[in-house]
Amino acid sequence: MSFNLNKELALLVLQYFDEEDFKEAARTFGRESGLYFDLKYFEDMVLEGNWDEAENYLSGFTKHHQNPDQEPHLLMDRDSNSQPSTSVLTYSGAAMEWKPSTNGRPSMDSDERDCNGVFGDVKPYSTEESHNKSKNLFDICTPSLCQSLQLPKHPEVKKIVRLAYNNAGNSILALASNGIHLVWLWPRTSFNLDGKASAQVCSQLWQPKDGLQFMINDLTTVKCGNPISCFALSKKDGYVISTSGGMVSLFNMVTFKTLRTIMSPPPMVTCLAFYPEDNNIFGIGFDDSSIVIYHVRDHEIILWNTNGWEKLKERHLQIEGNPVPVSETQIQFHPDQINFLVVHINHLAIYEATELGCVNQWVPEVPVLISQATFSSDGHTVYSIFVDGTVAIFDASNFQLRCRVYPSSYLSSTSSLSIYPISIAAHPHKPTQFAVGLTDGSVYVFEPREPEGDWIKSH
C-alpha cells in the first residue's frame with residue numbers, strides 16, 4: 001500500500017480515524033505511512049508474548065532496503081512466561097529501555113538525549129525536525145524539568161477552543177467547542193500572596209454563588225458546519241463578548257448573566273475586540289470582510305466594508321516569496337504596539353504595523369501544523385503550540401528556538417493521538433507563564449522549574 005499523500009493531509013486523516021475510533025484503520029494507516037507508532041498496541045503484544053506480530057508491526061516503520069542502518073531491532077528474552085527480562089529497542093536511532101515496573105507491567109524510559117522518546121519519535125514529521133535550533137536549546141521531556149498544573153476539568157467540556165487570562169492575571173477564561181465558558185480563579189492565600197495565576201498553586205473552577213452555572217453561547221443560529229469560536233474580555237474584566245459561530249453574546253463576568261445577544265448569522269463572526277478606550281464599544285469582524293462597530297449604551301451600530309475604505313497599505317502573506325495556502329490566520333499586537341504577530345497553520349511571522357513590512361518569519365523545514373501562538377507579556381518570547389503536542393518557545397527578536405516542551409512532560413505516554421493543545425494564552429504580567437487548552441477539555445499552566453527562572457536559565 002503506497003501513501004503519496006500530502007503529509008499534512010495524511011496526519012489529519014490519521015487523527016480522524018483515531019477520533020472516530022477506527023482503531024484498525026488508524027493502526028494500519030499509521031504503520032504504512034510511518035506517521036504514528038501505537039505504543040499501547042505494541043506493549044500489549046509484548047506482554048501477551050506475540051513476538052512475531054510485535055516484530056512485524058515494528059518493522060513497518062523503517063524499510064531495510066531504504067536505510068539498512070535504521071532497521072529496528074527487537075531483542076527480547078522469550079521465556080515461557082512471556083515476560084521480557086531486559087530488552088533494548090532501537091527505533092530510527094533512538095534507544096529506549098524497557099524495565100519491569102512494580103505492578104509487573106514494563107515501563108519505558110526514553111533516552112533523555114533524544115526527547116522524542118515515548119511520544120515524539122512516533123511521528124516522523126514533528127517539530128523535532130522542523131525548528132531552527134539554537135546552541136542553547138533546551139528540551140523538556142519529563143514533568144520534573146518544569147512546573148505544570150492541570151486545572152480542574154468539567155465533564156461537560158470536551159474541547160478548549162479559545163483561552164485567555166483576565167487582565168488582572170488572577171484567572172483564566174476558556175471557551176469550549178460546545179459554547180460553554182469556564183473560569184478558573186486563584187485565591188489569595190499564604191502560599192499565593194498576590195493571588196495571581198500560578199503553576200504551583202491549585203486554582204478553583206469558579207461559579208457565582210447565586211448566579212448561573214455557565215455562560216453559554218447560542219448555538220441554535222449556527223449556519224455552517226465549521227463554526228469559528230472567539231471571545232474578548234473588557235479592560236477591567238467585567239464583561240466578555242463571545243460567539244461560537246452563532247449570535248454574539250455579551251456576558252456579565254460576575255453573575256454570568258447574558259446581557260445581550262446580537263448579530264444572527266450569516267455572515268458569521270470571525271473576530272471580536274473591545275475598544276481599549278471605552279468598554280461600551282466593541283468591534284465585530286465577519287467572514288464577508290465587513291466590520292461592525294457596536295455601542296452598547298446607544299444601541300448604535302456602525303457598519304464598515306473594507307471595499308469602500310481607502311487602503312493605506314496592503315500586503316499578502318507569503319512564505320519565501322510564495323503565497324500561503326488559505327487557512328484561519330490570527331494576529332496579535334506586540335506590547336510595543338509597533339509590530340504584530342501573524343499565526344498561520346504553517347508559518348509564523350512578525351510584521352511592522354505601519355508599513356506592513358515583514359520583520360522576521362519562521363517557516364518549518366518539514367510540514368508541521370501550528371495550532372496557535374502568542375507573545376509573552378513582555379513581547380520577548382513567542383509561545384507556539386503544534387498538532388503533535390509540542391510547545392515551542394521562540395526568541396521573538398529572531399524566531400530562534402530556545403526551548404521545547406514535549407507532551408511527555410505533561411501527558412500520559414498512552415494518550416491518544418487526538419489529544420493535543422489547540423489554544424494558548426500568555427499571562428499578562430508574568431512573561432514566563434503560559435497556559436494551553438487541549439482537545440480533551442483539559443487546561444495546563446506552565447512555568448519554568450525555578451520560581452524566578454526563565455525557560456533558558458532555569459535549565
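Predicted model: local features only at pLDDT ≥ 70, side-chain atom pairs only at ≥ 80, totals over all residues.
A residue is called buried here when its relative accessible area is under 20%. By that criterion Ser242, with a relative accessible area of 0%, is buried.

**Surroundings of Ser242**

Ser242 is placed in strand S13, which covers residues 239-243. When neighbours within four places in sequence are left aside, the residues in contact with Ser242 include Leu175, His181, Asn217, Cys230, Phe231 and Leu272. Two of the polar contacts of this serine run from side chain to side chain: one of 2.7 Å joins Ser242 to His181, and one of 2.8 Å joins Ser242 to Asn217. The C-alpha atoms of Ser242 and Gly179 lie 9.0 Å apart in space, although the two residues are separated by 63 residues in sequence.

**The protein as a whole**

The protein contains five helices and 32 strands. Of its 459 residues, 50% are buried, and the accessible surface amounts to about 22,500 Å², with carbon and sulfur atoms accounting for 50% of that area.

Cys146 takes part in no disulfide, since the nearest cysteine sulfur, belonging to Cys403, is 8.1 Å away, whereas a disulfide would require the two sulfur atoms to be within 2.5 Å. Cys230, one of the residues in contact with Ser242, has its closest cysteine sulfur in Cys271, and because the separation is 6.6 Å, the two are too far apart for a bond. Both cysteines are covered by the protein: Cys146 is buried at 5% relative accessibility, and Cys230 is buried at 8%.

**Backbone features**

Most residues other than glycine have a negative phi, and most peptide bonds are trans. The loop between strand S15 (258-262) and strand S16 (269-275) holds Pro266, and Pro267 and Met263 are placed in that loop as well. The peptide bond joining Pro265 and Pro266 is cis, with omega about -5°, and the bond from Pro266 to Pro267 is likewise cis, with omega near -5°. Met263 has a positive phi, near 60°. A positive phi is also found at Phe399, where the value is near 55°; Phe399 belongs to the loop between strand S28 (391-395) and strand S29 (400-405), and at 2% relative accessibility this phenylalanine is buried.

Arg404 is located in strand S29. Is this arginine buried or exposed? At 2% relative accessibility, Arg404 counts as buried, and its side chain makes a polar contact of 2.7 Å with the side chain of Asp139.

In helix H4 (residues 51-59), the residues Trp51, Ala54, Tyr57 and Leu58 are buried. They lie on the same side of H4, because they cover an arc of only 130° around the axis. An α-helix has 3.6 residues a turn, so residues three or four places apart point the same way. In helix H2 (residues 23-33), the buried residues are Ala26, Arg27, Phe29, Gly30, Arg31 and Ser33, and just after H2 comes Gly34, with a positive phi of about 75°.

**Aromatic rings**

The structure holds 14 aromatic pairs. In one of them, Phe434 and Trp455 have ring centres 5.7 Å apart and planes at 45°, so the pair is tilted. This pair links distant parts of the chain, with Phe434 in strand S31 (residues 434-438) and Trp455 in the segment after strand S32 (443-448), 21 residues apart. Phe434 is buried at a relative accessible area of 0%, and Trp455 is buried at 5%. Both belong to one aromatic cluster, which is formed by Tyr383, Tyr410, Phe434, Tyr444, Phe446 and Trp455.

| Residue | Relative accessible area |
|---|---|
| Ser242 | 0% |
| Phe434 | 0% |
| Phe399 | 2% |
| Arg404 | 2% |
| Cys146 | 5% |
| Trp455 | 5% |
| Cys230 | 8% |

Key: Residues numbered from 1 in each chain as written. Heavy atoms only, no water. Helix = DSSP H or I, 4+ residues; strand = E, 2+ residues; numbered from the N terminus. Buried < 20%, exposed > 50% of the residue type's maximum accessible area, 1.4 Å probe, protein only. Areas by Shrake-Rupley, 256 points an atom, 1.4 Å probe, with all protein chains shown as cover. Arc of directions from axis to C-beta. Phe/Tyr/Trp six-rings, centres within 6.5 Å; stacked < 30°, edge-to-face > 60°. Polar contact = N/O pair within 3.5 Å; in protein donor to acceptor, adjacent residues only side chain to side chain. Contact = heavy atoms within 4.5 Å.
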